[in-house]
Structure formats: C-alpha cells, structure tokens
Amino acid sequence: MVSGLINENPIIYPKKERRLRTDSSNTDEFTPEPIDQLEIFDHIRDIKDPEHPNTLEDLRVVTEDSVELDDDNSYVRVTFTPTVEHCSMATIIGLCVRVKLLRSLPARYKIDIRVAPGTHATEDAVNKQLNDKERVAAALENPNLVEMVDECLLPSDE
C-alpha cells in the first residue's frame with residue numbers, strides 16, 4: 001500500500017474468535033436497537049492497516065477493550081495503539097476508524113477517536129486532528145485520502 005515502511009516487521013497477533021450476538025427481536029420498529037462494545041469492535045476489527053496487508057486486529061492496533069461505549073448517551077470512544085511511536089499513518093488509521101463508524105452506526109452517536117496515551121510521539125496533535133470536525137471534513141474532501149481510506153475499509157480476501 002505505501003512504500004518505505006515505517007514498521008517493516010510488525011508483530012502479528014492471533015485474532016479473537018468471533019462471537020455470535022443474539023437477536024433481540026422483542027422491540028418495536030421505533031425503539032432504537034441497543035449496540036454493545038462487541039458490535040463496535042466487529043465494525044473496526046477488519047480495517048486494513050495502510051502499510052501492511054494485515055488488519056488492525058492482527059496488529060493489535062485495536063482490541064475489544066479499546067472500545068468504550070455509552071449506549072444510553074450515544075457515545076463511542078475508540079482508543080487505538082499504533083505499532084510504533086513515530087507511526088506516520090496514525091492519522092490515516094484514526095480517520096479509517098472514524099469513517100467506518102460513521103458509515104456503520106446511527107447518526108445519533110458521537111464518535112471520539114484517540115491514540116492510546118504514551119504510544120505516539122505526536123499524540124496530542126493526532127487526537128486534535130481526528131476529533132476536529134472541520135479537519136475531518138477537509139480530509140474527506142481530498143480524493144487521495146478518501147481513496148486510501150476506502151482501500152483500508154474494503155473487505156479482506158480471507
């Protein structure tokens with residue numbers, strides 16, 4: 001995907017087994033369906049890393065524990081961990097997570113994307129960029145960035 005890899009030999013972790021969620025069909029059509037932490041994780045676990053043919057789950061950039069959810073207040077926070085402290089793709093990874101959740105969740109959710117504390121050299125700048133609506137909107141007007149995000153969000157060939 002990108003030439004000149006920042007982390008040429010990332011550690012590949014085993015995937016967690018997918019769990020089936022039970023259907024809660026005891027609600028009417030006007031009641032919002034509850035969403036849980038596992039559902040949020042399922043949406044983002046298969047996002048491909050911009051530099052490697054691996055998923056964010058494979059690289060442990062995201063884990064089920066990195067997802068915080070307050071369904072009653074429609075709030076989601078995903079804290080991701082770049083594979084190296086100087087990862088130049090951290091903003092792209094965060095943008096991919098945000099776009100995937102924007103496309104997957106009801107519009108009522110506020111989405112907060114963060115770099116795990118102490119895991120990136122420019123953590124504050126990346127967090128500010130990923131959670132500024134104008135910066136995100138501007139990034140999504142850039143055809144090259146949108147193409148890169150869309151490529152990361154494509155289903156894998158597994």
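**T55**

I looked up T55 first. Leaving aside neighbours within four places in sequence, T55 is in contact (heavy atoms within 4.5 Å) with K15, R45, D46, I47, K48 and D49. The model is a predicted one: local features need pLDDT of at least 70, side-chain atom pairs count only at pLDDT 80 or more, and totals for chains, interfaces and linings use all residues. I note that residues are numbered from 1 along each chain as its sequence is written, and that side-chain values use heavy atoms, with hydrogens and water left out.

I found T55 in the loop between α1 and β1. Helices here are DSSP runs of H or I with at least four residues, strands are runs of E with at least two, and both are numbered from the N terminus. Is T55 buried or exposed? T55 is buried, with a relative accessible area of 3%. Buried means under 20% relative accessible area, exposed over 50%, and partly exposed in between, using a 1.4 Å probe and protein chains only. A polar atom of the T55 side chain lies 2.9 Å from the backbone nitrogen of D58.

I turned to phi next. Most residues other than glycine have a negative phi. R60 is not a glycine, yet its phi is positive, about 55 degrees. R60 also sits in the loop between α1 (37–44) and β1. R60 is partly exposed, with a relative accessible area of 42%.

S74 has a positive phi too, near 55 degrees. I located S74 in the loop between β1 (67–70) and β2 (75–80). S74 is buried, at 12% relative accessible area. What does S74 touch, not counting residues up to four places away in sequence? I list R108, Y109 and K110. The side chains of S74 and R108 are joined by a polar contact of 2.8 Å. A polar contact is a pair of N or O atoms within 3.5 Å; within protein, one must be able to donate a hydrogen and the other to accept it, and residues adjacent in sequence count only if both atoms are side-chain atoms.

**Whole chain**

I counted five helices and three strands in the chain. From the N terminus on, the order is α-β-β-α-β-α-α-α. Of the 158 residues, 40% are buried. Among contacts with a separation of 6 or more, 67% come from residues 24 or more positions apart.

Two packed helices are described by the angle between their axes and the distance between the axes. Axes are lines fitted to C-alpha atoms, for helices over the stretch in contact, and angles run from 0 to 180 degrees between N-to-C directions.

I took α2 (90–104) with α3 (123–130): their axes come within 10 Å and cross at roughly 30 degrees. That makes α2 roughly parallel to α3. Angles under 35 degrees count as roughly parallel, over 145 as roughly antiparallel, 65 to 115 as roughly perpendicular and the rest as oblique. A90, T91, G94, L95 and R98 of α2 meet V126, Q129 and L130 of α3.

Then I took α2 with α5 (143–153): the axes are 10 Å apart, at an angle of about 70 degrees. α2 and α5 are therefore roughly perpendicular. On α2 the contact uses I92, L95, C96, V99, K100 and R103; on α5 it uses L145, M148, V149, D150, C152 and L153.
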